[in-house]
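Hi there,

Here is the model I promised to pass on. Have a look at it first, and then read my notes below.

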Amino acid sequence: MNMFPDAKVLHVNLSSGTIKKDILPGEIYRLYPGGSALGLYLLLKDIKVGVEPLSPENILVFSVSALTGLPISGISRLTVTGKSPLTGAIGDSQAGGFFPVHLKANGWDAVVFHGKSEKPVYLYIEGDNAELRDAHNIWGKVTGEAEEIIREELGEKNVEIAQIGPGGENLVRYACIINMCNRANGRNGLGAVMGSKLLKAVVVKKGRSMEAYDSENFRKLAGSVKRKLEENDALAGLGKFGTDGDLEGFHEQGFLPTKNWMTGHFPGGAKNITGVTMYETILKERDTCYACAVRCKRVVEVPGVVDPLYGGPEYETCAALGSYCGVTSLETVSLANQLCNMYGLDTISCGATIAFAMECYEKGLIDKATADGLDLSFGNNEVVPKLIKKIAYREAFGNILAEGSARAAKYIGRDADIYSMSAKGQELPAHMPQYKPSVGLIYAVNPFGADHQSSEHDVFLVMPPDSKERARLAQIGIWKGYDNPYELDTEKVRFAFESQKYFSVLDTLCLCQFVWGPSWELYGPDDMVDLCKYGIGWHTSLYELMLIGERRINMMRYFNSREGFTKDDDKLPERLFQPFTDGPSEGICLNRNAFEKSKEVYYELAGWCKETGNPKESTLKRLSLEWLLLK
């Protein structure tokens with residue numbers, strides 16, 4: 001039987017400018033086989049309790065997995081881990097593209113950044129060689145300009161670049177890390193951590209992909225993609241219309257977050273910004289990540305306005321910078337998406353924070369004078385791009401919004417916090433818990449804040465018992481179906497918990513959740529086990545993989561417990577418990593009693609203390625995490 005491979009780790013001390021190479025033995029790597037599990041292991045070994053996220057003492061980890069680089073769809077994901085400046089909790093973020101594969105092709109499973117540089121630098125990796133290079137000439141540049149300058153300086157086009165823009169340099173708390181000028185490690189503000197360290201970019205020379213351990217059976221697994229795509233209508237729609245293809249459907253059901261979540265439908269606007277309209281008007285081409293046949297990424301162009309270099313908006317972006325703000329123009333949304341990618345800003349938190357400001361303006365908590373003379377009315381298409389630039393450079397009112405809606409609410413005062421649609425300080429993505437209550441539960445208990453890609457969604461339990469989706473869910477022990485998505489009973493909580501563990505495996509193995517998943521996706525749970533076996537000779541089981549996913553979740557929760565987080569932080573905005581007053585979803589809300597009970601059931605299933613909501617010692621020991629108790 002093939003031994004589990006060792007992991008190669010690069011430790012970069014930005015304060016001293018020294019670089020050290022390390023090997024993590026395979027017997028340890030198997031417990032934390034990549035992604036955030038590996039990042040958390042490396043982080044928790046060294047980081048001190050209570051460090052300020054934007055201080056030199058914070059540690060930032062770039063990681064891939066033992067599988068990264070195999071020539072098959074959905075396998076090129078990069079995870080970045082550190083303490084979040086947005087939430088103060090653990091920060092964890094994934095992005096696709098080609099950078100992850102080429103980091104691994106150079107021989108590295110993780111890069112760990114310590115300290116702070118005296119001047120702007122970037123890290124250049126070519127094979128076994130790594131060096132810090134001066135970045136003064138690209139500091140202050142937007143992502144597209146910086147990429148061009150780096151390639152010219154190196155005299156090398158065959159590189160992949162993960163970088164921050166002005167948003168990260170100016171420590172916007174939801175700044176992200178951008179590769180290909182349009183793939184983002186977003187949400188938690190880890191781009192600001194890079195900025196605080198004066199680290200502009202990580203650049204890797206392109207290398208060769210991995211060879212599979214069992215090439216014959218691996219080719220069969222990879223070769224089944226054409227048939228699987230032809231049999232999967234959901235993926236066909238995803239490829240054609242992108243993630244934004246469902247936007248109008250959510251509106252018609254009454255569950256498209258609109259005007260800062262005050263309503264769930266967007267008459268006169270939803271059709272304008274949906275993926276179908278994008279496909280019919282401004283879509284230039286479909287882009288993809290390494291070796292992926294799905295090709296779900298949008299590339300849009302509006303001559304003289306929107307540059308295709310910066311890709312195109314996803315569903316979350318069209319909602320956050322569109323319906324959240326009452327913006328009805330696809331051109332405006334696409335320009336706003338471009339600006340976020342240029343400046344390196346998370347589109348969800350950026351749009352949600354602007355929507356928060358718009359409601360504060362509507363409610364009279366701020367006026368034009370406070371907002372630099374801008375009209376912050378919902379539906380003002382012109383003001384959103386202006387605010388994005390102000391946020392990126394922390395100009396005047398933009399300096400307040402750069403803090404995120406939760407902190408901005410404290411600055412504004414007068415109960416403005418009720419208009420911050422956030423959990424643990426991180427703005428909610430565009431999937432409404434009123435419609436998907438188990439997703440709402442995960443928004444609340446998730447260690448790194450509200451996230452729509454940390455568990456499977458309720459709607460798949462409404463599908464017929466003999467459907468592919470239900471058959472795959474049964475492989476991870478989910479058997480009960482429902483007549484509607486609104487219930488939140490014990491079995492629905494178990495569905496949330498088990499699927500959260502599964503998605504946690506995906507974020508550990510750095511697999512795309514649209515390709516490798518527990519229900520509708522291209523490949524299912526049994527395929528993932530085969531991928532490990534044929535790809536690297538890892539004779540694993542679904543049991544071991546689910547244990548790995550659970551281990552990652554508990555490491556995150558343990559990190560948060562050290563920082564003072566408890567079950568009291570597992571809460572959702574009050575607005576979600578208030579019935580809608582108009583539209584197709586009129587009268588519907590998240591049931592408060594069911595929600596509170598669901599948290600208690602979740603803590604019990606997870607083996608977390610009912611008083612604190614944090615992992616019990618017995619749970620940490622069961623998950624081979626006893627070493628955390630000895631620190």
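What is the strand order in the open sheet of six strands? The order runs S8-S7-S12-S9-S10-S11, and the pairing is mixed. Before I go further: this is a predicted model, in which local features need pLDDT of at least 70 and side-chain atom pairs count only at pLDDT 80 or more, while totals for chains, interfaces and linings use all residues. Residues are numbered from 1 along each chain as its sequence is written, and side-chain values use heavy atoms, with hydrogens and water left out.

**The sheet**

Helices (H or I, at least four residues) and strands (E, at least two) are DSSP runs numbered from the N terminus, and two strands pair if DSSP finds at least two bridges between them. The edges are strand S8 (129–134) and strand S11 (183–185), each of which pairs on one side only. From one strand to the next, the twist averages 20 degrees. Strand S10 (residues 177–179) pairs with S11 in the antiparallel sense over three bridges, and Asn-179 has Arg-183 in S11 as its bridge partner.

Helix H4 (residues 143–154) packs on this sheet, touching S7, S8, S9, S10 and S12 (contact means heavy atoms within 4.5 Å). The direction of H4 makes about 140 degrees with that of S9; axes are lines fitted to C-alpha atoms, for helices over the stretch in contact, and angles run from 0 to 180 degrees between N-to-C directions.

**Aromatic rings**

Rings of Phe, Tyr and Trp (its six-membered ring) pair if their centres lie within 6.5 Å; planes under 30 degrees apart are stacked, over 60 edge-to-face, and the rest tilted. The count comes to 21 aromatic pairs. In one of them, Phe-241 and Tyr-279 have ring centres 5.3 Å apart and planes at 80 degrees, so the pair is edge-to-face. Phe-241 is in helix H9 and Tyr-279 in helix H11, 38 residues apart.

Phe-255 and Phe-580 are also edge-to-face, because their planes are at 65 degrees, with centres 6.2 Å apart. This pair ties together parts that are 325 residues apart in sequence. Phe-255 is buried at 2% relative accessibility, and Phe-580 is buried at 5% (buried means under 20% relative accessible area, exposed over 50%, partly exposed in between, with a 1.4 Å probe and protein chains only). Phe-255 and Phe-580 form one aromatic cluster with Tyr-435 and Tyr-486.

Best wishes
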